[in-house]
Amino acid sequence: MTTMIRTTPAELVAQRERLLAEVHMTFEELRDRAETYSLSSDELDVWHTIEGIDYLLNGEC
């Protein structure tokens, strides 16, 4: 059986903010460091999670 998790846009935004606070960076700082391959493995995990959140928030699914 498949499990489905439902998350509201507000919850996604809150999660995104928590993740950025966790790495002590703004979105722009994180994006810029990702573009230059300057992220630690933990920061890269946060970057990929934020990319997924942004994908969901933009309604591209």
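Student: What makes 26% of the 61 residues of this protein count as buried?

Tutor: Buried means under 20% relative accessible area, while exposed is over 50% and partly exposed lies in between (1.4 Å probe, protein chains only). In this protein, 26% of the 61 residues count as buried. Keep in mind that this is a predicted model, where local features need pLDDT of at least 70, side-chain atom pairs count only at pLDDT 80 or more, and totals for chains, interfaces and linings use all residues. Residues are numbered from 1 along each chain as its sequence is written, and side-chain values use heavy atoms, with hydrogens and water left out.

Student: Why is D54 called buried?

Tutor: D54 has a relative accessible area of 18%. The limit is under 20%, so D54 is buried.

Student: Where does D54 sit, and in which helix?

Tutor: D54 is in helix 3, residues 41-57. Helices here are DSSP runs (H or I, at least four residues; strands are E, at least two), numbered from the N terminus. The protein has three helices and zero strands.

Student: What is D54 in contact with, leaving aside neighbours within four places in sequence?

Tutor: R16 and F27. Contact means heavy atoms within 4.5 Å.

Student: Why are helix 2 and helix 3 called roughly perpendicular?

Tutor: Helix 2 (residues 27-35) and helix 3 pack at about 115°, with axes 11 Å apart. Axes are lines fitted to C-alpha atoms, for helices over the stretch in contact, and angles run from 0 to 180 degrees between N-to-C directions. Under 35 degrees counts as roughly parallel, over 145 as roughly antiparallel, 65 to 115 as roughly perpendicular and the rest as oblique. Helix 2 and helix 3 are therefore roughly perpendicular to each other.

Student: Which residues meet where helix 2 packs on helix 3?

Tutor: From helix 2, F27, L30, R31, R33 and A34 meet E43, V46, W47, I50 and D54 of helix 3. They divide into six nonpolar, no polar and four charged. Here Ala, Val, Leu, Ile, Met, Phe, Trp, Tyr, Cys and Pro are nonpolar, Asp, Glu, Lys and Arg are charged, and the others, Gly among them, are polar.

Student: What makes a nonpolar core, and how many residues has the largest?

Tutor: A nonpolar core is a set of buried Ala, Val, Leu, Ile, Met, Phe, Trp, Tyr and Cys residues joined through side-chain atoms within 4.5 Å. The largest has 13 residues, and L30, L39, V46, W47 and I50 have the most contacts inside it. Its largest share, four residues, comes from helix 3.
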